[in-house]
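Please keep the sequence and the 3D view at hand while reading.

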Amino acid sequence: MISRKNASISKFIIHKVGNKFNDTENAFSQNLVDFDEASYDLMLPFLLRPFGSAVQSYRFNHHANIALNEINNYTSQIFKEDDAFIEVSKHIVTHLYEQSNSAQIKTGDVLVVMFEGIEYEGITTNALGIFKIENKVNFFQTYLENKSYDVLVQKGISSKKVDKGCLILNQSDTEGPIVLSIDNNTYDAQYWINQFLNIKYADDANNHTQQYLELCKDFSSEVLKPSYGMHEQNTFLAKTIDFFKENEIVNVERFKEDVFEEEKHIRLFEDYKKEFEGDQNLLIRNQFDVAEKVLNKEKRKIKTEIKLDTNIQIKLDIDAPNASEEYLERGYDEEKKMHYYKVFFNAEA
């Protein structure tokens with residue numbers, strides 16, 4: 001998560017990336033963009049706004065040595081050599097082009113940008129931004145001709161969101177340079193994250209919290225919901241969030257003792273955890289610090305609703321884990337041959 005209040009753009013260039021499967025070639029600019037005031041004031045927040053809510057960071061990856069990672073190399077060269085920006089930006093686009101391993105990967109504009117004054121965790125630094133604009137939007141342009149106004153349709157870049165982007169800070173920790181990435185067109189996420197950038201999540205509390213919450217959400221939807229229903233699923237998710245809120249450190253054994261009441265559910269969870277780790281090629285730690293920003297972000301994504309085929313929905317409060325156990329009962333009516341929920345309350349809100 002960055003702050004852009006003191007940020008500025010010092011260098012900006014636009015290239016176009018093709019796709020070798022579609023026989024479309026790259027097109028390179030030779031000069032930097034010279035902004036007018038209006039376009040600059042619109043461009044700066046457009047590019048940096050998505051990173052203001054990015055809570056997880058990445059680090060460069062390589063099977064042998066991260067020094068051999070292409071984007072890591074190019075970025076390092078730009079930071080060290082002030083006059084290398086234009087030429088190295090072309091190499092970045094060529095590298096992106098070489099990763100287009102499918103005809104489905106879109107061509108587009110590539111913006112390579114040098115930022116100054118980026119604030120990250122109390123440190124002010126410069127950063128290199130790489131952005132790919134894949135989708136253009138239609139807009140109406142009015143013009144005057146023969147003393148009358150007419151209209152035509154043109155295509156342009158929407159100022160609402162960036163399709164793909166990364167921010168590589170000129171700041172490192174023990175794992176290497178800090179990288180932030182966003183992708184609003186996730187149909188080809190592996191192409192951007194794994195092939196082009198070749199990055200992985202940082203080994204920190206943010207990542208550990210994210211992984212464990214993903215495990216719990218997947219377990220609730222793939223195991224609890226099919227076998228025990230949405231009531232059990234939502235109760236588990238509410239208890240999970242409550243446990244994370246009440247504990248600064250998550251101990252997996254304590255988590256299982258607090259959240260599950262039946263031994264069979266613990267065994268199901270342990271079996272699913274092994275399967276999840278194998279599928280994701282990761283090892284979830286038995287103890288880790290809770291990242292509050294990640295918890296709050298993931299909590300907002302969780303939908304605790306019971307949707308019934310009789311056009312009725314029951315919405316449960318994620319912050320009240322015991323409410324569904326105390327005030328909601330599930331049963332079966334033999335006469336109607338239908339399941340039912342019984343809800344207890346004192347007054348309608």
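## Second largest pocket

In this predicted model, the lining of the second largest pocket comprises 3 nonpolar, 5 polar and 5 charged residues, where Asp, Glu, Lys and Arg count as charged, Ala, Val, Leu, Ile, Met, Phe, Trp, Tyr, Cys and Pro as nonpolar, and the others, Gly among them, as polar. H5 gives the most to this lining, with 5 residues; helices (H or I, at least four residues) and strands (E, at least two) are DSSP runs numbered from the N terminus.

The second largest pocket holds about 440 Å³ of space, and of its 13 lining residues, Tyr201, Asn207, Gln211, Gln280 and Leu282 are the closest to its centre. On a 1 Å grid over the protein atoms alone, a pocket is an open set of points where a 1.4 Å probe fits, with protein on both sides within 12 Å along at least five of seven lines, and lining residues have an atom within 4 Å of a point. Points are joined across faces, edges and corners, and a volume is the space filled by probe spheres set on them.

## Largest pocket

The largest pocket has a volume of about 680 Å³; of the 22 residues that line it, Gln56, Tyr58, Ser181, Ile193 and Tyr201 are the closest to its centre. Its lining divides into 9 nonpolar, 7 polar and 6 charged residues.

## Basis of the values

Residues are numbered from 1 along each chain as its sequence is written, and side-chain values use heavy atoms, without hydrogens and water. Because the model is predicted, local features need pLDDT of at least 70 and side-chain atom pairs count only at pLDDT 80 or more, whereas totals for chains, interfaces and linings use all residues.

## Lys11

Lys11 is found in strand E2 (residues 8-17), and it counts as buried because its relative accessibility is 16%, buried meaning under 20% relative accessible area with a 1.4 Å probe and protein chains only.

Terms used
Buried < 20%, exposed > 50% of the residue type's maximum accessible area, 1.4 Å probe, protein only.
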